[in-house]
Amino acid sequence: MFNFWEFVRYINVMTQEEFTHTASEMRMKSMTAARRFGYGQDDAEDIAQDVMARLWCLHEQIYDVARLKALVAITTKHICIDKWRVARHHAGTADITPVIDEDTLYDRLEYAELEQWLYRQIDDLPSTSGTVLRMRQLEHRELKEIADILGIRQTSVSTLLSRARNELLNKLKRRNQQ
C-alpha cells in the first residue's frame, strides 16, 4: 500500500549538498553556544567539530533546516555538559580553573588570591572535618571509604562533611561582604 507521508518524508530528506551548504552556519552557532557555556576558542572549535560529525551521521534523518538548528543547539548543549562532567570527574580542585577572560591580569590575580584563601580556610578547619573534606573533595574518595579509613560511621562522615562545607560557605559569605 502506498503511504503518502512516507513518500513526502523520503522526498524531504536533507541531501549532502543541503547539509554542506548549511553546515558552516550551524558550526558557527555551535561554537557560539559552546563559548556561552564558558569554553575557550579551541575547546569551542572541538565541540563544534564533534557536533558536526554527529549531525553528519544523522543528515539523512533531518528533514529541514529548522530541525537541523534545533539539533545543533541540543547536541552542543549535551556535548558541553558531557565535557564538563568528564573534566570535573578527572580533575582535582587544584587543577580546575574558573572561566576567566585571559586578557585580564586582574581576574587571574583575584582567582589566585581566592584559591590561596580557600586552602588556608580548609587548613583552619577542625582536624577531622578538614581531613574528611580533603579526602572527599580533593582525593575524590567515597563516603564508605573515608569511614573505613577514619574508623567512624558513614553517617558521621556525612555530618562532618556537611559541617565543613557549611563553615567554608559561611566564611566565604563573610569574606565577600567585606
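Predicted model: local features only at pLDDT ≥ 70, side-chain atom pairs only at ≥ 80, totals over all residues.
Student: How many salt bridges does the structure hold?
Tutor: A salt bridge is a side-chain nitrogen of Lys or Arg within 4 Å of a carboxyl oxygen of Asp or Glu. By that criterion, the number of salt bridges in the structure is 6.

Student: Which residue forms a salt bridge with R175, and how many residues apart in sequence are the parts that the pair ties together?
Tutor: The partner of R175 is E113, with the closest N and O atoms 3.0 Å apart. Helices are DSSP runs of H or I with at least four residues, numbered from the N terminus.

Student: Are R175 and E113 buried or exposed, or in between?
Tutor: Buried means under 20% relative accessible area and exposed means over 50%, with partly exposed in between (1.4 Å probe, protein chains only). R175 has a relative accessibility of 22%, and E113 has 48%. R175 therefore counts as partly exposed, and E113 likewise counts as partly exposed.

Student: Which helices does the salt bridge of R134 and D123 link?
Tutor: The side chains of R134 and D123 meet at 3.3 Å, N to O. R134 is partly exposed at 27%, while D123 is exposed at 52%. The two residues are 11 residues apart, and the helices are α6 (residues 127–138) for R134 and, for D123, α5.

Student: Which residues are linked with R141 in a network of salt bridges?
Tutor: R141 forms a salt bridge with E139, the closest N and O atoms being 2.6 Å apart. R141 is partly exposed at 25%, and E139 is partly exposed at 43%. The residues linked with R141 in the network are E139 and E145.

Student: In which helix is D43 placed?
Tutor: D43 gathers with D42, E45 and D46 in a patch of negative charge on the surface. D43 counts as partly exposed, at 31% relative accessibility. The place of D43, spanning residues 41–57, is helix α3.

Conventions. Residues numbered from 1 in each chain as written. Heavy atoms only, no water. Patch = residues over 30% accessible without salt bridge, like charges linked within 9 Å, V, L, I, M, F, W, Y side chains within 5 Å. Areas by Shrake-Rupley, 256 points an atom, 1.4 Å probe, with all protein chains shown as cover. Lys, Arg positive; Asp, Glu negative; His and termini not counted. Charge placed at Lys NZ, Arg CZ, Asp CG, Glu CD.
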